[in-house]
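Work through the two exercises below with the sequence and the model open side by side, and try each task before reading its solution.

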Amino acid sequence: MIKAIIFDFFGVLVSEGFKQFRDNYFPGDDNKWQRAISLVNKHDSGQITKADFIKGMAKISHKDYDFVAQNINDNRPNETLIKYIREQLKLRYKISVLSNAGDDYLSQMLKPQDVALFDDIVLSYRYKMIKPQQEIFELAAERLRVLTTECLFIDDSPNHCDGARRAGMKTIFYKDFPSFKSELEKILSSDAND
C-alpha cells in the first residue's frame, strides 16, 4: 500500500534551467554534455561549490560567469503540481522531496508555505550520494518511516526511476502534469483495490 509520495525537484516541482541551458548552448555535443554531467554530479554530491560549478559550466559553454549564473538558474515552480499536492495528496500521504542538489534550492525557489507541504526533504549534497544510487532511495523511505515498497517516486529522469525501482519503489516518469495525474490516479486506484 502506498503511504508516501516522493517527488524529484528539478524538472518536476520546478522547471530545470540546467537542461534548457544545455539545449541552448551545447546541443548534440556529447563531449560537452558528459563534462557538464560530471560537474552536476560533483556539485550535487557536495564535492564542489556552486561557484565552481558555474565556473566549469562557463568554461564548457564559452559564456561568461554572470551569463551562466543567470541562465542556468532559470527555474520556475510548477504551480499546478504544487496546488495538486496541497489539495489532493497532502491529507492522504506523506509527501517528500528527493533531489540531486548541491544546495538548499527548495527554500530559494519555493514559497515558505510550499516548502512546508513536505514531510521531509532529502538533498543529495547533505548525504554525499546521488540518484540513482539505491541507498539514497532507501534513506528517503527510512526518514519517512515507511518501507521502500510503500513509496511512489516521481522523477523526470528514466535513470533515476530505474534506481528507485531497484530500491523497491513504484515510479512515475514525469513528462507533464496531465499525464502524471492520469498515471498517478491509476496507480493509487489499483493500490486501493489490492
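**Exercise 1: a lysine and its surroundings**

Lys131 has a relative accessible area of 2% and is therefore buried, where buried means under 20% relative accessible area, exposed over 50% and partly exposed in between (1.4 Å probe, protein chains only). The model is a predicted one, in which local features need pLDDT of at least 70 and side-chain atom pairs count only at pLDDT 80 or more, while totals for chains, interfaces and linings use all residues. Residues are numbered from 1 along each chain as its sequence is written, and side-chain values use heavy atoms, with hydrogens and water left out.

Task: find which side chain makes a polar contact with the side chain of Lys131.

Solution. Begin in the loop between helix H8 (124–127) and helix H9 (134–144), where Lys131 lies; helices are DSSP runs of H or I with at least four residues, strands runs of E with at least two, numbered from the N terminus. The partner is the side chain of Asp155, at 2.8 Å; a polar contact is a pair of N or O atoms within 3.5 Å, and within protein one must be able to donate a hydrogen and the other to accept it, with residues adjacent in sequence counting only if both atoms are side-chain atoms. A polar atom of the Lys131 side chain also lies 3.2 Å from the backbone oxygen of Leu98.

**Exercise 2: a charge over a ring**

Task: determine over which ring the charged end of Lys63 sits.

Solution. The ring is that of Phe67, whose centre is 5.6 Å from the charged end of Lys63; the criterion is NZ of Lys or CZ of Arg within 6 Å of the ring centre and within 35 degrees of the ring normal.
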